[in-house]
Amino acid sequence: MTILVTGATGNIGRQVVEHLVKQGADVRAIARDPSKANLPANVSVVQGDFLDVDSLRNAMSGVSTLFLLNAVVPDEFTQALIALNVARSAGIERIVYLSVIHADVYVNVPHFAGKFSVERMIEQMNFKATILRPAYFMQNDLMVKDVITGYGAYTMPIGAKGLAMIDARDIAEIAARELLRREQAPEPLPLNRINLVGPEVLTGTDIASIWSDVLARPINYGGDSTEGFEQNLKQFVPAWMAYDMRLMGERFLTDGMLPEAGDVERLAALLGRPLRAYRDFASETAASA
């Protein structure tokens, strides 16, 4: 019985692979260039690309459970549809899909809308899947670490509604646990959705205050300008992606990214420990600077 991990060379996928290996799972990973994958020695790394159907057929042959993670790219939706169709042809029923929280609410944000359409396809194709819906990754704030420490400003457009930020390490561990739960079940388990959230809802001002405590000097919140956010991002990412992220930021301001009742307790029970807090992330980041 083999678990196939897509996105295995990225931050989340790599950690998922490591958790699975520690539990003794038979893991296969897809990489565009296996020679550069740098994954544990006992992981079978196969060459593959979401738009190369033959490579997907080869990668999915003999696989029992699939972890589907698509990068935010212009054809993300097409890539996911191809992967799911190939998975069905390969007889794979057990899937863990990494979506996003409020995918059905942020309907004008391209990568949210794409993920929600993938969720619908999973349901319509009757896959036995866990759909993981993570909130904002704490690690996204590494992009503005130098601005925080160098200029005394937290510039992510978080707003006053608040986001239930989650540590990427918790996401990866939960994903691995769900993959093992599905893999080890005698029969395919029914579809379910899990919101992945952190232990508290934080506003932009809250986060600036945490950084002020951690760094022992004033850090101000100045991130409500989504236009400025887009223009800054365009220096590092393609214009379409910067605009996508701006639209997401606008929904942060109007809707927030909030947990449902019982989400935090459910995740803590699943992990067998408390969820990681943003203050811990900030402290670790400052210590490593």
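This is a predicted model: local features need pLDDT of at least 70, side-chain atom pairs count only at pLDDT 80 or more; totals for chains, interfaces and linings use all residues.
Which residue of β6 is the bridge partner of Ile95?

Strands of a sheet pair through backbone hydrogen bonds, and the pairing can be parallel or antiparallel. Here, seven strands form an open sheet with parallel pairing, and their order is β3-β2-β1-β4-β5-β6-β8. On average, and with direction ignored, neighbouring strands are turned by 20° against each other.

Now let's return to the opening question. Strand β5 covers residues 94-98 and strand β6 covers residues 128-134; the two run parallel and are joined by five bridges. In β6, Ala129 is the residue that partners Ile95.

A helix comes next. The helix α1 packs on the sheet, where it touches β1 (3-5), β2, β4 (65-68) and β5. The direction of α1 makes about 155° with that of β1.

What about the spaces between the atoms? Rolling a probe the size of a water molecule over the atoms shows where empty space is left. In this model, the largest pocket has a volume of about 1,200 Å³. Its lining is made up of 42 residues, and those nearest the centre are Leu69, Asn70, Ala71, Val72 and Phe137. Two or more lining residues come from each of α1 (11-22), β2 (27-31), α4 (110-124), α8 (226-233) and α9 (239-255). By residue type, the lining holds 27 nonpolar, twelve polar and three charged residues.

The second largest pocket holds about 340 Å³ of space. Around it are 14 lining residues, with Val144, Thr155, Phe229, Asn232 and Phe236 nearest its centre. Which helix gives the most to this lining? That is α8, with four residues. The lining of this second pocket divides into seven nonpolar and seven polar residues, with no charged ones.

Finally, have a look at the aromatic rings. The model has six aromatic pairs, and ring pairs link Tyr106, Phe112, Tyr136 and Phe252 into a cluster. See if you can pick out these four residues in the structure above.

Terms used:
Residues are numbered from 1 along each chain as its sequence is written. Side-chain values use heavy atoms; hydrogens and water are left out. On a 1 Å grid over the protein atoms alone, a cavity is a set of points where a 1.4 Å probe fits but cannot get out, and a pocket is an open set with protein on both sides within 12 Å along at least five of seven lines; lining residues have an atom within 4 Å of a point. Grid points are joined across faces, edges and corners, and a volume is the space filled by probe spheres set on the points. Ala, Val, Leu, Ile, Met, Phe, Trp, Tyr, Cys and Pro count as nonpolar, Asp, Glu, Lys and Arg as charged, and the others, Gly among them, as polar. Two strands pair if DSSP finds at least two bridges between them. Axes are lines fitted to C-alpha atoms, for helices over the stretch in contact, and angles run from 0 to 180 degrees between N-to-C directions. Contact means heavy atoms within 4.5 Å. Rings of Phe, Tyr and Trp (its six-membered ring) pair if their centres lie within 6.5 Å; planes under 30 degrees apart count as stacked, over 60 as edge-to-face and the rest as tilted.
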